[in-house]
Every structure is written in structure tokens, then in C-alpha cells.
Amino acid sequence: MRSYDLSPLFRSTVGFDRLSRLLETATTGDEATAAYPPYNIEKMSEDSYRITMAVAGFGLDDLTITAHQNSLTVTGKAKKEEASGQFLYRGIAGRAFERRFQLADFIKVSNASLLNGLLHIELAREVPETMKPRSIPIEAARSTPARLDAEPAPALTQQAA
């Protein structure tokens, strides 16, 4: 197990404590549950992403998607089926799962759909107008600087007299 010391980072930054929790979560995952269900993360464009999960055997009523702050949780609870026969081999997993994804700031879930056993979750980066870079106009400077006071200071008047 690797351990990272982030204390030098925290000496000169403010508000990056979430980064340490994110790294800790990423490095301490259970490998057995990390493989089920399989999923893809695609970058569709500069500001849009798609998570595709293979959820064969799960219906719309069996899946729950929850977005909270910077976290996305997908939960699947399969219904127990009565076995109509005896299985010689059972390779289609139908067990319950909970998959969590950490989302960056301003990433929002825009759509979710289930098609042919694949759950597609569309994500979009929605940066507020106040956070977007903006251009500051530059005005031409006047040749003579404007005076702040219309009258000379009293100390300067006495020295001149």
C-alpha cells in the first residue's frame, strides 16, 4: 500500500482538502467489487461526458441514479427470480451493486437512458457565467493625468508664498 504525504501541498493552498479524500478513495478500493458492473467513461466533447454501464438483467425499476454535490451514485437492486429450471452454468450476474463516481466541479447529469442492457448517463460541464473568463476592455490613457483635488493642498500654498 502506498501512502502519499500531501502536507507540503496544504501549507500553501486553501480548499484542496477534498483532493486528499479523492486520492484516498481512489487508492483504497475493493478490486472484487470494482469490476462489477463493467463501465466505460467517454469524453464526447470539450464539455460533455458519457458513462456507459453494462447492466444486463436490470430494468428501469431496478436502477437508481443519485447526484449529490460532486458525487454520482448508481445503484442496482435486482429482483429475485424464481428458477424455472436447474442451471448448469450461471454466468449472467444479477447481484446488487452500488457504483460511485466523483465528479469535478460544475459537472451535472443531463440525461440517463437504458437501451439494450446498457445504462447511458450523459454528463455536462455547466460553468456559471460569473466563473467564466471574461475580457476586460482597455481604455486609452489621457495625456495629462486628472487631478484629484481642484484646490492645492494648504501646505503647498504656504511654501509658495
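**View 1. Isoleucine 41 faces isoleucine 51 as its bridge partner in S2.** The model is predicted: local features need pLDDT of at least 70, side-chain atom pairs count only at pLDDT 80 or more, and totals for chains, interfaces and linings use all residues. Residues are numbered from 1 along each chain as its sequence is written, and side-chain values use heavy atoms, with hydrogens and water left out. Strand S1 covers residues 39–45 and strand S2 residues 48–54. They pair in the antiparallel sense over 6 bridges. Two strands count as paired if DSSP finds at least two bridges between them. Strands (E, at least two residues) and helices (H or I, at least four) are DSSP runs, numbered from the N terminus. S1 and S2 form a hairpin, with 2 residues between them.

**View 2. S2 also pairs with S7.** The two strands run antiparallel and are joined by 7 bridges. Isoleucine 51 has isoleucine 121 as its bridge partner in S7. Strands of a sheet pair through backbone hydrogen bonds, either parallel or antiparallel.

**View 3. Strands S3, S4 and S5 form an open sheet.** Their order is S3-S4-S5, and the pairing is antiparallel. Strand S3 (63–68) and strand S5 (97–102) stand at the edges. Each has a single partner strand, so one side of each is left without a neighbour in the sheet. Neighbouring strands are turned by 15° against each other on average, direction ignored. For such angles, axes are lines fitted to C-alpha atoms, for helices over the stretch in contact, and the angles run from 0 to 180 degrees between N-to-C directions. Strand S4 (residues 71–76) and S5 are joined by 6 bridges. Leucine 72 has phenylalanine 101 as its bridge partner in S5.

**View 4. Tyrosine 36 and phenylalanine 97 form an aromatic pair.** The structure holds 3 aromatic pairs. Rings of Phe, Tyr and Trp (its six-membered ring) pair if their centres lie within 6.5 Å; planes under 30 degrees apart count as stacked, over 60 as edge-to-face and the rest as tilted. The pair of tyrosine 36 and phenylalanine 97 is edge-to-face, at 6.0 Å centre to centre and 90° between the planes. Tyrosine 36 lies in the loop between helix H3 (31–34) and S1, and phenylalanine 97 in strand S5, so the pair ties together parts that are 61 residues apart in sequence. Both tyrosine 36 and phenylalanine 97 are buried. Buried means under 20% relative accessible area, exposed over 50%, partly exposed in between (1.4 Å probe, protein chains only). Ring pairs link Tyr36, Phe58 and Phe97 into a cluster.

**View 5. Tyrosine 39 meets phenylalanine 101.** Their ring centres are 5.3 Å apart and their planes stand at 85°, so this pair is edge-to-face. Tyrosine 39 lies in strand S1 and phenylalanine 101 in strand S5, so the pair ties together parts that are 62 residues apart in sequence. Tyrosine 39 is partly exposed, with a relative accessible area of 34%. Phenylalanine 101 is buried, at 8%.

**View 6. Two arginines lie over aromatic faces.** Arginine 95 lies over the face of tyrosine 36, at 4.0 Å from the ring centre. Arginine 90 lies over the face of phenylalanine 87, at 4.4 Å from the ring centre. A charge sits over a ring if NZ of Lys or CZ of Arg is within 6 Å of the ring centre and within 35 degrees of the ring normal.

**View 7. Methionine 53 belongs to the largest nonpolar core.** This core has 16 residues. Met53, Phe97 and Leu123 have the most contacts inside it. S2, S4, S5 and S7 each give two or more residues to this core. A nonpolar core is a set of buried Ala, Val, Leu, Ile, Met, Phe, Trp, Tyr and Cys residues joined through side-chain atoms within 4.5 Å. Not counting residues up to four places away in sequence, methionine 53 touches residues including Tyr39, Val74, Phe97 and Phe101. Contact means heavy atoms within 4.5 Å.

**View 8. Glutamine 69 has a positive phi.** The phi is about 50°, although glutamine 69 is not a glycine. Glutamine 69 is found in the loop between S3 and S4. Its relative accessible area is 67%, so glutamine 69 is exposed.
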